Structures are given as structure tokens and as C-alpha cells.
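Let's take a walk through a protein model together. Have the sequence and the 3D view open while you read.

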Amino acid sequence: MKKFISVLCAVTLVCCGLFLSCDNGNGGEPEAPAVSASTTYTWSFSDLDLSSYSFTSSNDSSATLPDADGIVSKVLIGGDGSISYDSTPAGLKLILSNGETGGSYNKINPAQSGKAPGSDGAIEPSKADMVYCELAGPFTAKMIYGANSNTDKTDRTAQIVIGGEVVASGTENLVPVTPVELAYKYTGTDTVKVFFGGTNIIRIYDISIEK
């Protein structure tokens with residue numbers, strides 16, 4: 001009889017221990033795994049301050065240096081040849097630099113009127129030059145872009161490039177007047193440069209990276 005009681009007590013203690021270990025204060029229900037909140041970093045170009053940067057005219061007779069609204073066109077970036085543009089919220093930087101296939105910006109226009117879904121402010125990298133952000137994955141990159149004129153452009157394609165590879169393309173040989181979005185989800189964990197632009201001049205209204 002004493003042996004039976006001892007065994008019963010041992011079993012009871014084990015069961016109680018298991019029950020208590022599962023109890024999180026919510027009636028014994030197991031806790032849901034924590035979900036990491038993501039952050040979306042954005043660049044609209046409307047708050048891009050060009051006052052501390054120097055510019056030189058490209059070989060274009062219509063080149064203009066910063067005016068009262070901070071607009072430049074047909075220019076090369078002076079100094080070290082790059083602009084570092086903080087995201088909103090702060091945390092990432094977008095780099096505008098003199099590229100290899102033209103080296104100039106058709107226009108950098110913080111005062112550009114938005115055209116939905118694009119917001120105010122825009123940049124127009126020349127030819128196939130691009131702007132980029134360097135960060136570790138995973139992330140989702142998006143670009144809102146449109147034609148840099150009052151008519152559709154049918155001789156160029158918008159692109160997102162990582163590691164020299166085109167990972168996302170807009171409609172081939174079509175950049176519409178009404179802005180559209182191009183997105184790519186990078187699932188790797190490496191630190192990479194993600195480039196935004198096209199095969200010729202496009203107007204980039206907004207860039208965002210969700211991480």
C-alpha cells in the first residue's frame with residue numbers, strides 16, 4: 001500500500017510540473033511566437049536638399065545649375081561625385097552618383113509636382129545610370145516611376161538591378177505618363193546594392209524599401 005501511494009505521489013508531481021510549465025498566465029494557453037515588425041524606408045525627393053552640393057554642367061547647352069527651387073538639369077555632381085540621401089525614417093541611405101553610362105542627371109527636381117500614385121519631387125538619372133541603396137536582406141524594394149515628358153516613352157524600360165542582374169522590369173519599351181510601381185522581393189541575407197532606374201531616362205517619383 002505504501003509503495004502504491006509513493007508511486008501515485010510521484011506521478012502527481014510530474015503531471016503538476018508539466019502543467020505549470022505550460023501555464024503562461026493565460027489559462028495555460030501557449031504563447032504565440034513573436035512577430036518582428038517591419039519598417040518601410042522611403043525617399044520622395046521633395047525634401048532632398050542640394051544646397052551643400054556642387055554641380056557642373058554636362059556637355060549640353062540646356063544645362064542649368066540650382067535655381068531658387070533647387071532644381072538642376074543636365075549636370076554632373078561635383079566633389080566626390082555623389083549625394084547621400086537619408087531615408088524617412090532615418091536608417092538607410094540612397095546614393096545618387098555620376099554613373100558610368102552618361103554620368104549626368106537629366107534632372108533632379110525637389111519641386112516636381114506629384115502625379116498619383118507618385119508624390120511630389122522626382123529625379124531623372126540620365127541614360128542607363130541608376131541610383132542605389134546598400135543593405136542586407138531580406139527586403140522588398142519598390143519604385144514609382146513614369147515618363148519624363150507629357151507622352152508615353154516607347155523606347156525604354158524601367159528596371160531594378162541587384163548584383164549586375166536585372167531582377168525586375170517594367171513593361172518592355174514602355175514608360176507611361178501615369179506613374180506605375182515596380183517591386184522586387186529579395187529573400188537572401190547578403191548585403192547587396194539595389195539599383196533603381198531604366199535603360200534610358202525615366203522619372204523616379206518615389207523609392208521605398210520594406211525591411
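## Charged pairs

Buried here means under 20% relative accessible area, exposed means over 50%, and partly exposed is in between (1.4 Å probe, protein chains only). The side chain of Arg156 meets that of Asp155 in a salt bridge, 2.8 Å from N to O. Asp155 itself counts as partly exposed, at 47% relative accessibility.

Before going on, a word on where this comes from. This is a predicted model, in which local features need pLDDT of at least 70 and side-chain atom pairs count only at pLDDT 80 or more, while totals for chains, interfaces and linings use all residues. Residues are numbered from 1 along each chain as its sequence is written, and side-chain values use heavy atoms, with hydrogens and water left out.

How many salt bridges does a search of the whole structure find? It finds three. The rule for a salt bridge is a side-chain nitrogen of Lys or Arg within 4 Å of a carboxyl oxygen of Asp or Glu. Side chains of opposite charge can pair when their charged atoms come close. Here they are:

| Salt bridge | N to O distance |
|---|---|
| Lys93 and Asp86 | 2.4 Å |
| Glu124 and Arg203 | 2.8 Å |
| Arg156 and Asp155 | 2.8 Å |

As for the Lys93 and Asp86 pair, Lys93 is partly exposed at 42%, and Asp86 is partly exposed at 41%.

## The whole chain

Now zoom out. The protein chain has one helix and 14 strands. Those are DSSP runs numbered from the N terminus (helices are H or I with at least four residues, strands are E with at least two). Of its 211 residues, 40% count as buried. A contact means heavy atoms within 4.5 Å. Among contacts between residues at least 6 apart in sequence, 70% join residues at least 24 apart.

Five of its five residues are buried, so E10 is largely enclosed by the rest of the structure. Both of its faces are covered: Ala158, Ile160 and Ile162 lie on one side, with Gln159 and Val161 on the other.

Which strands does E10 pair with? Two strands pair if DSSP finds at least two bridges between them. E10 and E13 run antiparallel and are joined by five bridges, with Ala158 opposite Gly198 in E13. E10 also pairs with strand E11 (residues 165-169), again in the antiparallel sense, over four bridges. Along that pairing, Gln159 stands opposite Ser169, and Val161 has Val166 as its bridge partner. E10 and E11 form a hairpin with two residues between them, and Gly163 in the turn has a positive phi of about 60 degrees.

## The nonpolar core

In soluble globular proteins, nonpolar side chains tend to be buried together. A nonpolar core is a set of buried Ala, Val, Leu, Ile, Met, Phe, Trp, Tyr and Cys residues joined through side-chain atoms within 4.5 Å. Which members of the largest core touch the most other members? Of its 40 residues, they are Trp43, Leu94, Leu96, Ile108 and Val194. Strand E9 (residues 139-146) gives the most to this core, with four residues.

Leaving aside residues up to four places away in sequence, Val194 touches residues including Tyr132, Phe139, Ile160, Val161, Ile162 and Ile209.

## Aromatic pairs

Rings of Phe, Tyr and Trp (its six-membered ring) pair if their centres lie within 6.5 Å; planes under 30 degrees apart count as stacked, over 60 as edge-to-face and the rest as tilted. That rule gives three aromatic pairs. In one of them, the ring centres of Tyr132 and Phe195 are 5.1 Å apart and the planes are at 40 degrees, so this pair is tilted. It links distant parts of the chain, since Tyr132 is in strand E8 (residues 131-136) and Phe195 in strand E13 (residues 191-198), 63 residues apart. Tyr132 counts as buried at 16% relative accessibility, whereas Phe195 counts as partly exposed at 24%.
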